[in-house]
Each structure stands twice: as C-alpha cells, then as structure tokens.
Amino acid sequence: MRSSTSIRLIEPADAGPVAAHRVRDFEAFRPWEPDQPASFFTPEGQAERIDRLLAGYRAGTVWPGVVLTD
C-alpha cells in the first residue's frame with residue numbers, strides 16, 4: 001500500500017485538527033514541550049496561534065507549515 005505525504009502552509013481551518021492532535025499526544029510530548037495554558041489545546045486557542053503564525057508569514061519572518069499524510 002502506498003502512502004502520500006505533503007507539506008503546505010497552515011490554514012485557519014487547521015485549528016480543530018491541530019488542537020485534537022495536541023490533546024491526543026499531550027502525554028507523549030510532555031517531557032519535551034513547554035507548559036502551555038489550557039486554551040492552547042482548544043480549537044479557539046489554536047486559531048489564535050495560527051492567526052499569529054500567518055501574520056508572521058505575511059511579514060516574511062516565518063513559514064508555518066503542516067505535514068499531511070494519509
């Protein structure tokens with residue numbers, strides 16, 4: 001079975017899936033992740049984060065991407 005992986009610029013619609021990923025993997029990454037406020041793990045908190053990241057992209061300071069796979 002062949003799988004597909006791609007990288008693209010993050011989008012506002014990614015807030016929900018990113019929040020779900022962060023909640024799902026919280027325990028696995030806790031030893032390496034800084035403490036975050038509870039809002040970080042919500043779609044609303046991720047939407048705010050994505051807005052800031054995209055502002056940085058428009059300013060030419062960051063390229064916030066997401067990795068997609070089957």
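**Close-up 1. Surroundings of Ile10 in the predicted model.** Setting aside neighbours within four places in sequence, Ile10 is in contact with Ile50, Leu54, Pro64, Gly65 and Val66, as seen in this predicted model. The largest nonpolar core has 5 residues in all, and Ile10 belongs to it together with Ala15, Ile50, Leu54 and Val66.

**Close-up 2. A nonpolar patch on the surface.** Ile7, Tyr57, Val62, Trp63 and Val67 form this patch, and together they have about 520 Å² of accessible area. Val62 is located in the loop that runs between helix 3 (43-59) and strand 2 (65-69), and Val62 counts as partly exposed because its relative accessibility is 36%.

**Close-up 3. The salt bridge between Arg24 and Asp25.** The side chains of Arg24 and Asp25 meet at 2.9 Å, N to O, and this is a structure that holds 5 salt bridges. Asp25 lies in the loop between helix 1 (15-24) and helix 2 (26-29); with a relative accessible area of 15%, Asp25 is buried, whereas Arg24 is exposed, at 61%.

**Close-up 4. The salt bridge between Glu33 and Arg22.** The closest N and O atoms of Glu33 and Arg22 are 3.1 Å apart. The pair links distant parts of the chain, with Glu33 in the loop between helix 2 and helix 3 and Arg22 in helix 1, 11 residues apart. Glu33 counts as partly exposed at 32% relative accessibility, as does Arg22 at 22%.

**Close-up 5. A network of salt bridges.** Arg8, Glu11 and Asp14 are linked in this network, in which the closest N and O atoms of Glu11 and Arg8 are 3.8 Å apart. Glu11 is partly exposed, with a relative accessible area of 37%, and Arg8 also counts as partly exposed, at 24%.

How values were computed
Residues numbered from 1 in each chain as written. Predicted model: local features only at pLDDT ≥ 70, side-chain atom pairs only at ≥ 80, totals over all residues. Heavy atoms only, no water. Core = buried A, V, L, I, M, F, W, Y, C linked by side-chain atoms within 4.5 Å. Buried < 20%, exposed > 50% of the residue type's maximum accessible area, 1.4 Å probe, protein only. Contact = heavy atoms within 4.5 Å. Patch = residues over 30% accessible without salt bridge, like charges linked within 9 Å, V, L, I, M, F, W, Y side chains within 5 Å. Areas by Shrake-Rupley, 256 points an atom, 1.4 Å probe, with all protein chains shown as cover. Salt bridge = Lys/Arg side-chain N within 4 Å of Asp/Glu carboxyl O. Helix = DSSP H or I, 4+ residues; strand = E, 2+ residues; numbered from the N terminus.
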